[in-house]
Amino acid sequence: MKKREVHIVGNWKMHQTLVEISHFFIEMSKMKMELKCKAWIAPQSIHIPILKEIAFTTGSIQIGAQNCCEHESGAYTGEVSPLALADIGVEFVIIGHSERRSIYGEKNEVLNKKVLLALKHGLKVIYCVGETLAEREAEQTFNVIENQLSIGLRNVTPESAHLLMIAYEPVWAIGTGKTATAEQAEEVHAHIRTKLKLNAEQTIILYGGSVKPDNIDSLLRQENIDGALVGGASLKAQDFRALCSSASTAMM
Ligand code: PEP
C-alpha cells in the first residue's frame, strides 16, 4: 500500500493521429472499473480538446499539456499560454522535460517562470529533473538535480505547493531502453524529497525513463517512487493499461 496516490502519466510527445487516438481510448475504456490509480495523458496541444472530450465521456483519464509559455499573453507566435490551458480545463502541464531542455535550450531560469505562471493559473505542474550520462559518471547527479530544483522552483509559495509534482528522469534512460534500477531511482527520489522546501512528504515524485510493464512493479515497490512519467509505453493502450493495472495494485 503506497503512502501517496500512484500516478501513471503518459507523455505522447509528437505522436498519435486521430485514428490512433480513437483506438487507444476504445481499448482503455475496457479497464475503467479496475482503475484505482491516477491515469493522465499529455498529448500534442492540438489534440487536447479532443482528448478532453473523450476523457469526459470515459470518465477515467485526465488530460494535460507537454509544455507552456513563460508569458501569459502577447506577441509570442506559436506558443501556448498557461492561461489558455487553464481556460479550457487542462489539469496539468509538464515543465522542463529533458527534450525541452536539450533541443529547445530551456534553462532553469525560464522554467522557473513557466512553473510560477502555471501554478498561478491553478495547473498541476510536473517539473522534470535529471542528469545526463556524463553528469552521472562524473558523480554530479545530486548537484545537477539540486540546481534544477533550487532555481526551477524558486518562489513557489506554500499556497501552491500542493499543485507541484516532480519527475525524476535520468536523461540517459529516456527512450533508450536503459532504465535506472529501482535502487538507483529510489536513491535519487529520496534525495529529491529531502531537498523539497515545501510539502515534501506529500509531493508526488514520478520516475521516468524507459518504464515498461515489465519493470514498473519493482519501481513502485520503492518508498519514494509515486508513479511514472512514460513516453514510448504510453502510446499503446495495452501497455498503458498494464502500467495502470500495476499502479492500481500498488495502491491497494
Ligand atoms: C519521457 O519522454 O518522459 C520518457 C520517459 O520516455 P520513455 O518512457 O520512452 O523513456
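User: Leaving aside its neighbours within four places in sequence, which residues is Gln222 in contact with?
Analyst: Happy to start there. Contact means heavy atoms within 4.5 Å. Once the neighbours within four places in sequence are set aside, the contacts of Gln222 are Lys2, Ala182, Glu183 and Glu186.

User: What kind of model is this?
Analyst: Local features need pLDDT of at least 70 and side-chain atom pairs count only at pLDDT 80 or more, while totals for chains, interfaces and linings use all residues. Residues are numbered from 1 along each chain as its sequence is written, side-chain values use heavy atoms, with hydrogens and water left out, and the model is predicted.

User: Is Gln222 buried or exposed?
Analyst: Gln222 is found in the loop between helix H9 (216-220) and strand E8 (227-230). Helices (H or I, at least four residues) and strands (E, at least two) are DSSP runs, numbered from the N terminus. Buried means under 20% relative accessible area, exposed over 50% and partly exposed in between, with a 1.4 Å probe and protein chains only. Since its relative accessible area is 17%, Gln222 is buried.

User: How far apart in space are Gln222 and Thr176?
Analyst: Along the sequence, 46 residues separate Gln222 and Thr176. From C-alpha to C-alpha, their distance in space is 22 Å.

User: How many helices and strands does the protein have, and what is its radius of gyration?
Analyst: The protein has 10 helices and 8 strands. The radius of gyration is taken over C-alpha atoms, and the globule rule is 2.2 Å times the number of residues to the power 0.38. For 252 residues a compact globule would come out near 18 Å, which agrees with the value for the protein, 17 Å.

User: What share of the contacts with a separation of 6 or more comes from residues 24 or more positions apart?
Analyst: For context, the C-alpha trace spans about 45 × 45 × 35 Å along the principal axes, and 52% of the 252 residues count as buried. Among contacts with a separation of 6 or more, the share from residues 24 or more positions apart is 74%.

User: How far apart are the mean positions of the positive and negative charges?
Analyst: Lys and Arg count as positive and Asp and Glu as negative, with His and the chain ends not counted. Each charge is placed at NZ of Lys, CZ of Arg, CG of Asp or CD of Glu. There are 26 positive and 29 negative charges, and the distance between their mean positions is 2 Å.

User: What is the geometry of the aromatic pair of Trp12 and Phe24?
Analyst: The structure holds 5 aromatic pairs. Rings of Phe, Tyr and Trp (its six-membered ring) pair if their centres lie within 6.5 Å; planes under 30 degrees apart count as stacked, over 60 as edge-to-face and the rest as tilted. Trp12 and Phe24 have 4.9 Å centre to centre and 80 degrees between the planes, and this pair is edge-to-face.

User: How many residues apart in sequence are the parts that this pair ties together?
Analyst: Trp12 lies in the loop between strand E1 (7-11) and helix H1 (18-29), whereas Phe24 is in helix H1. The pair therefore ties together parts whose separation in sequence is 12 residues.

User: Which residues form the aromatic cluster?
Analyst: Trp12 is buried at 1% relative accessible area, and Phe24 is buried at 2%. Phe24 also pairs edge-to-face with Phe25, at 5.4 Å centre to centre and 70 degrees between the planes, and both of these Phe residues are buried. The one aromatic cluster is formed by Trp12, Phe24, Phe25 and Phe240.

User: What is the phi of Glu139, and what is that of Asn155?
Analyst: Glu139 lies in the loop between helix H6 (133-137) and helix H7 (141-152) and is exposed at 72%. Asn155 lies in the loop between H7 and strand E6 (164-168) and is exposed at 59%. Although it is not a glycine, Glu139 has a positive phi of about 55 degrees; Asn155, also not a glycine, has a positive phi of about 70 degrees.

User: Which residues does Thr132 contact, leaving aside its neighbours within four places in sequence?
Analyst: Thr132 is found in the loop between strand E5 (124-129) and H6, and at 30% relative accessibility it counts as partly exposed. Its C-alpha is 9.5 Å from that of Glu169, 37 residues apart along the chain. With the neighbours within four places set aside, Thr132 is in contact with Val171 and Trp172.
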